[in-house]
Amino acid sequence: MLALLADGILDVLQLKYLVPLAAGTLIGVVGGAMPGITITMTVIMVLPFTFGLEPLQGLAAMIGVYVGGESGGLITATLLGIPGKPSSISTMFDGFPMTRKGEPGRAVWLGVWASFFGGLLGGVFLIGATGWLAEIALEFGPWEFFALFIFALSMVAGLTEESLAKGLLAGALGLIITIFGADPIMSVPRFTMGSELLRGGFPFLPVLIGIFAFAQIMTDIERARSLAESDASARDLVSLAVSHVKVVGEILGRPFLLLWSTFIGLLIGVLPAIGGSAASVMAYDQAKKLSRHPERFGTGTPEGIIASEASNNANVGGSLVTIMAFGIPGDAVTAVMLGAMTIHGIQSGPLFMSQETTLAYGIFAAYLLAHPIMLAIMAVGARWFLRIVLVPKSILIPVVLVLCVVGAYALNNTMDSVWVLALFGVIGYGLVKLGFPLAPLILGLILGDQIEVNLVRALMTDSDPALFVTRPISALLLALSAGSIALALWQRRRQRRRQPAADGAPDVDF
Amino acid sequence: MRLPRDTLAGLLGLALSVWLFALTAGLPKSSFVPIGPDFYPRIVLAATALLSVAVAVEGVRGRRPRLPGAAPRRNLRLVLLTFLVFGLYVALLPLLGFRAATLAFLLALQVVLDPPADRRRWVTVALVAVVTTAVAYFAFERYLSVLLPRGSLTGF
């Protein structure tokens with residue numbers, strides 16, 4: 001395994017892979033730092049650039065975006081008190097007060113180094129666990145896969161802030177999108193409404209890009225006071241000079257905190273469709289609960305920054321495990337990666353590790369190398385990124401939309417995908433306005449085809465539906481699904497008794 | 001009385017499921033494949049219908065009262081305009097070709113989102129539009145071998 005990893009690293013160190021990886025990381029850092037541009041948006045923008053590249057080049061670029069993006073958000077969060085993306089919100093809780101106390105360098109570099117260590121520890125898990133989990137997944141029959149997908153959906157629906165019924169309905173609506181087009185057994189076209197365009201069903205990526213980009217951009221436009229605004233404080237360049245030995249010492253001197261936050265990040269990453277924001281908030285919360293000085297949290301304590309940043313970078317490693325071992329995207333970013341792999345004709349799933357070994361280890365290597373690259377980018381440019389952040393939304397939004405159109409069009413060089421993009425843009429915004437959480441919807445959309453294939457395959461193999469509950473792994477997963485829904489119901493009941501829920505804005509990130 | 005948001009969402013979900021469920025009746029059956037193309041959609045649509053009813057009922061019961069306080073100002077007109085400009089872009093793309101349509105779209109949407117007040121801003125808007133179009137065109141067509149739409153009217 002180590003020999004394979006060494007080969008992978010040597011591969012990726014070649015310029016033709018290193019350049020896309022470094023470029024992706026840089027773009028990720030910038031995208032992560034820009035308020036209102038999430039990592040998903042950034043990876044969607046990078047997508048069309050990867051079509052013409054080799055698979056590993058494209059994936060390296062996307063992994064760079066992912067790793068860079070998780071770290072980039074901390075710059076604006078700590079220095080300006082504006083989280084560049086949702087998973088930096090908990091970094092801001094202590095990072096910004098620390099800056100205010102006159103230690104901006106310490107705040108930024110605690111975050112960067114915590115990201116670095118959290119990410120690398122996540123990498124150890126990624127490399128160690130993927131093969132092992134893939135072997136388990138190889139034992140899965142259609143019953144187990146079906147049960148696994150149902151479990152994923154029920155869990156995500158249960159985690160949404162909105163009502164449980166609405167979370168589940170959002171997931172089911174995602175499934176509906178996938179029943180259009182040819183059925184998996186006899187390829188009978190379904191629900192085409194007489195349109196040629198719908199014979200093959202809705203293409204996955206344009207739907208995803210449409211729902212995502214528009215839900216995000218239109219919500220931004222709707223809420224913005226002025227799209228020309230920029231933060232004046234970002235114009236002053238602050239000095240970020242700091243003793244790195246001391247900062248690293250501060251992090252490594254708290255090994256338990258670092259490991260625990262990394263573990264939480266990994267766990268959330270492995271679970272499908274729960275993103276970095278949940279990971280960092282949860283790790284922050286845990287760090288506060290376990291701390292001897294919980295009252296210092298929120299005033300600029302290093303523990304808060306370390307917990308939040310270590311966990312959101314470890315989360316990336318966890319998401320990659322899920323996609324590589326099971327072929328299930330851990331979140332929207334990996335869903336786009338999965339789409340990109342499909343375009344190159346690569347089948348992800350339990351066989352991926354054994355059939356595409358070189359590519360798999362290339363992905364591991366890219367993930368590991370992205371971290372030192374991120375560190376170098378931060379060392380050179382952290383304070384300059386504040387300037388880039390000043391680009392007004394009125395410029396950013398049109399450019400992003402053009403890239404979305406190119407991404408959809410270039411998938412198979414037809415305008416059909418662009419129509420689908422526009423249609424789902426409207427639908428996506430409508431769903432946000434109706435208060436639907438997007439995470440379960442996207443997961444339903446991602447898993448829909450697989451759920452149908454495995455359900456039908458199971459029943460064709462053996463018409464006895466009882467097998468779903470008599471096969472042990474399948475039964476366990478279905479029991480966990482029921483359990484997670486019951487837990488969600490119980491939690492909501494308890495919450496409702498305490499306080500009426502706020503009619504908050506739906507969360508468009510995950 | 002205005003419909004509660006959740007009730008509206010539930011009713012829309014219900015209408016969609018019932019409509020699609022009705023359409024499954026028209027799907028062909030096969031005598032040698034016991035599980036037809038309508039099998040899975042019907043399960044999904046039945047589930048959506050039930051959940052929609054649950055959401056609609058939750059909305060009527062008003063279980064989640066709004067917190068008092070001023071609602072944030074919403075800029076719905078701008079959203080509508082953005083959709084309109086984007087719709088025009090998508091419609092014109094196959095007619096005018098990528099270069100012309102994209103240039104026009106970038107100019108139009110920038111002006112809509114933040115109307116330029118002075119000459120300097122107009123120059124910025126124009127520069128952004130020209131540079132983005134040119135960079136996108138050359139990067140994709142020349143370097144990344146991604147073909148972009150040609151205009152059927154302009155041949156450009």
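Student: Of the 217 residues in the largest nonpolar core, which touch the most other members?

Tutor: This is a predicted model, in which local features need pLDDT of at least 70, side-chain atom pairs count only at pLDDT 80 or more, and totals for chains, interfaces and linings use all residues. Residues are numbered from 1 along each chain as its sequence is written, while chains are lettered from A and ligands numbered from 1 in the order in which they are written. A nonpolar core is a set of buried Ala, Val, Leu, Ile, Met, Phe, Trp, Tyr and Cys residues joined through C-beta atoms within 7 Å. In the largest such core, the residues that touch the most other members are A:Leu208 and A:Ala366.

Student: Which helix gives the most to this core?

Tutor: Helices are DSSP runs (H or I, at least four residues; strands are E, at least two), numbered from the N terminus. With 18 residues, the helix that gives the most is α16 (residues 357–388) of chain A.

Student: Why does this core lie between two domains of chain B?

Tutor: The domain bounds come from an automatic or database domain assignment. The core lies between the two because residues are given to it by both domain 1 (5–61) and domain 2 (76–143) of chain B.

Student: How many residues does the contact take from chain B and from chain A?

Tutor: Two residues are in contact if their C-beta atoms, placed from the backbone, lie within 7 Å. The contact takes 57 residues from chain B and 55 residues from chain A.

Student: By class, what residues has the side of chain B that touches chain A?

Tutor: Ala, Val, Leu, Ile, Met, Phe, Trp, Tyr, Cys and Pro count as nonpolar, Asp, Glu, Lys and Arg as charged, and the others, Gly among them, as polar. On that basis, this side of chain B has 39 nonpolar, 11 polar and 7 charged residues.

Student: What percentage of the 156 residues of chain B count as buried?

Tutor: The secondary structure of chain B comes to 5 helices and 0 strands, in the pattern α-α-α-α-α along the sequence. Of the 156 residues of this chain, the share that count as buried is 28%.

Key. Buried ≥ 20, exposed ≤ 12 C-beta atoms within 10 Å, placed from the backbone.
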